[in-house]
Amino acid sequence: MAHPQRKTHTPNGFGHFDIAGPELAPLKLFYTALFGWDVTERGPGYAMVATPDGSPNGAIVETPAASLTLGVVVPDLDAALAAAAERGGKVVLPKTDNGWVKKAQIADPAGNVLTLIQG
């Protein structure tokens with residue numbers, strides 16, 4: 001059963017992003033002022049981001065190193081993980097079900113990390 005607030009995303013399109021850095025507050029101020037994003041803190045080191053058109057939405061997270069991770073919605077997570085491995089990528093976060101979404105992370109052949117989200 002789908003969560004009632006969940007949006008439907010285009011298969012193989014962007015569905016989420018994570019912006020990470022060592023301090024949440026400056027990132028929240030930066031993106032709120034620059035783009036008018038609605039940033040709502042959800043706990044220590046984590047804030048949800050709503051973009052004006054709502055697609056995609058994301059999060060700002062506290063991590064030691066800065067990073068930007070894009071989430072791609074895939075129709076079959078297991079098949080996408082297998083295809084990535086067959087094409088020179090590697091799984092860096094195995095399939096996880098957090099109760100809201102099933103996701104995993106892969107690295108492409110150059111080491112760029114993408115989150116794959118079961119659509």
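**Reading helix H1**

Mentor: Just after H1, Gly36 adopts a positive phi of about 75 degrees. Helices (H or I, at least four residues) and strands (E, at least two) are DSSP runs, numbered from the N terminus. The model is predicted, so local features need pLDDT of at least 70 and side-chain atom pairs count only at pLDDT 80 or more, while totals for chains, interfaces and linings use all residues. Residues are numbered from 1 along each chain as its sequence is written, and side-chain values use heavy atoms, with hydrogens and water left out.

Trainee: Which residues of H1 are buried?

Mentor: Buried means under 20% relative accessible area, exposed over 50%, and partly exposed in between (1.4 Å probe, protein chains only). An α-helix has 3.6 residues a turn, so residues three or four places apart point the same way. In H1, the buried residues are Leu24, Leu27 and Tyr31. Viewed down the axis of H1, these buried residues fall within an arc of 70 degrees (taken from the directions from the helix axis to the C-beta atoms), so they line one face of the helix. Leu29 and Ala33 are exposed on the other side of H1.

Trainee: What covers the buried residues of H1?

Mentor: The cover includes strands E1 (14–21), E2 (38–43), E3 (46–50) and E4 (57–62).

Trainee: Which residues is Glu41 in contact with, leaving aside its neighbours within four places in sequence?

Mentor: Contact means heavy atoms within 4.5 Å. Glu41, which lies in strand E2, is in contact with Leu24, Lys28, Tyr46 and Ala47. At 47% relative accessibility, Glu41 counts as partly exposed.
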